[in-house]
Amino acid sequence: RRAAEMGARGYLKPARRRREGAPLACGRRRAAEMGRGAGREYSPPGATPENGGGKKKQKEKELDELKKEVNLDDHRLSLDEISRKYGVDLSKGLTNTRAAEILAQDGPNALTPPPTTPEWVKFCRQLFGGFSILLWIGAILCFLAYSIQAVMEDEPANDNLYLGVVLAAVVIVTGCFSYYQEA
């Protein structure tokens, strides 16, 4: 009875409503209904920046705008037009004051270096990346097992302690070698 009430109110999923209603004749009819939208109750709204979606596409558009080539047509201009455009005398060049103004305005004519990863981050990647993290987990579990044995027994076996120390030492030594090879 409760299911019938919920179906009348529209709370049931579309598949449940179909089971309670008339049976479908064949798979083609079902596909036709789904194509017309009969099987859909809810369709999420499109992703837009207003509702929190579409950030990836928006970021891609910004990157595309940055990647576009600068439209320079200096090669098509005559020498007089170039000298007027840049405010330079072609026979004498820039004056010292004009060169100082341009330097203060635009900065030095040098390429900016690419961003680099700090050395400590590279070292941490070698210590905690890939298979090393499994070895660290093994070392921590060995230390945990040793501490449990130390609490439970008067004189615990030192096997887990030694194994944890060896695993940690192996990870540190291989991390140092890997960092040295990468640098």
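How exposed is E119, in relative accessibility? At 41% relative accessibility, E119 counts as partly exposed, where buried means under 20% relative accessible area, exposed over 50%, and partly exposed in between (1.4 Å probe, protein chains only). The model is predicted: local features need pLDDT of at least 70, side-chain atom pairs count only at pLDDT 80 or more, and totals for chains, interfaces and linings use all residues. Residues are numbered from 1 along each chain as its sequence is written, and side-chain values use heavy atoms, with hydrogens and water left out.

**Overall build**

- The protein has nine helices and zero strands. Helices (H or I, at least four residues) and strands (E, at least two) are DSSP runs, numbered from the N terminus.
- Along the sequence, the pattern reads α-α-α-α-α-α-α-α-α.
- Of the 183 residues in the protein, 10% are buried.

**Salt bridges**

- Side chains of opposite charge can pair when their charged atoms come close.
- The structure holds three salt bridges. A salt bridge is a side-chain nitrogen of Lys or Arg within 4 Å of a carboxyl oxygen of Asp or Glu.
- K85 and D74 form one of them, at 2.6 Å from N to O. This pair links distant parts of the chain, 11 residues apart. K85 sits in helix α5, while D74 sits in the loop between α4 (55-67) and α5. K85 is partly exposed, at 46% relative accessibility.
- R98 pairs with E101, at 3.5 Å from N to O. The two are about one helical turn apart because they lie three residues apart in helix α6. R98 is partly exposed, with a relative accessible area of 30%. E101 is partly exposed too, at 47%.
- E119 pairs with K122, and their closest N and O atoms are 3.5 Å apart. Both lie in helix α7 (residues 119-128), three residues apart, which is about one turn of the helix. K122 is partly exposed, with a relative accessible area of 24%.

**The largest pocket**

- Rolling a probe the size of a water molecule over the atoms shows where empty space is left.
- The largest pocket holds about 150 Å³ of space. On a 1 Å grid over the protein atoms alone, probed at 1.4 Å, a pocket is an open set of points with protein on both sides within 12 Å along at least five of seven lines. A volume is the space filled by probe spheres set on the points, which are joined across faces, edges and corners.
- K85, Y86, V88, L94, R98, I102, D106, G107 and N109 line this pocket. Lining residues have an atom within 4 Å of a point.
- Helices α5 (79-86) and α6 (96-106) each give two or more residues to the lining. The largest share, three residues, comes from α6.
- The lining divides into four nonpolar, two polar and three charged residues. Ala, Val, Leu, Ile, Met, Phe, Trp, Tyr, Cys and Pro count as nonpolar, Asp, Glu, Lys and Arg as charged, and the others, Gly among them, as polar.

**A nonpolar surface patch**

- F128, F131, I133, L134, I137, L141, L144, I148, V151 and M152 form a nonpolar patch on the surface. Patch residues have over 30% relative accessible area and no salt bridge, and nonpolar side chains (Val, Leu, Ile, Met, Phe, Trp, Tyr) are joined within 5 Å.
- Together, the patch residues have about 1,100 Å² of accessible area, computed by the Shrake-Rupley method with a 1.4 Å probe; for residues, only the protein chains shown count as cover.
- Helix α8 (residues 131-152) gives the largest share of the patch, nine residues.
- F131 lies in helix α8. F131 is exposed, with a relative accessible area of 58%.

Conventions: Patches are made of residues with over 30% relative accessible area and no salt bridge: like charges are joined within 9 Å, nonpolar side chains (Val, Leu, Ile, Met, Phe, Trp, Tyr) within 5 Å.
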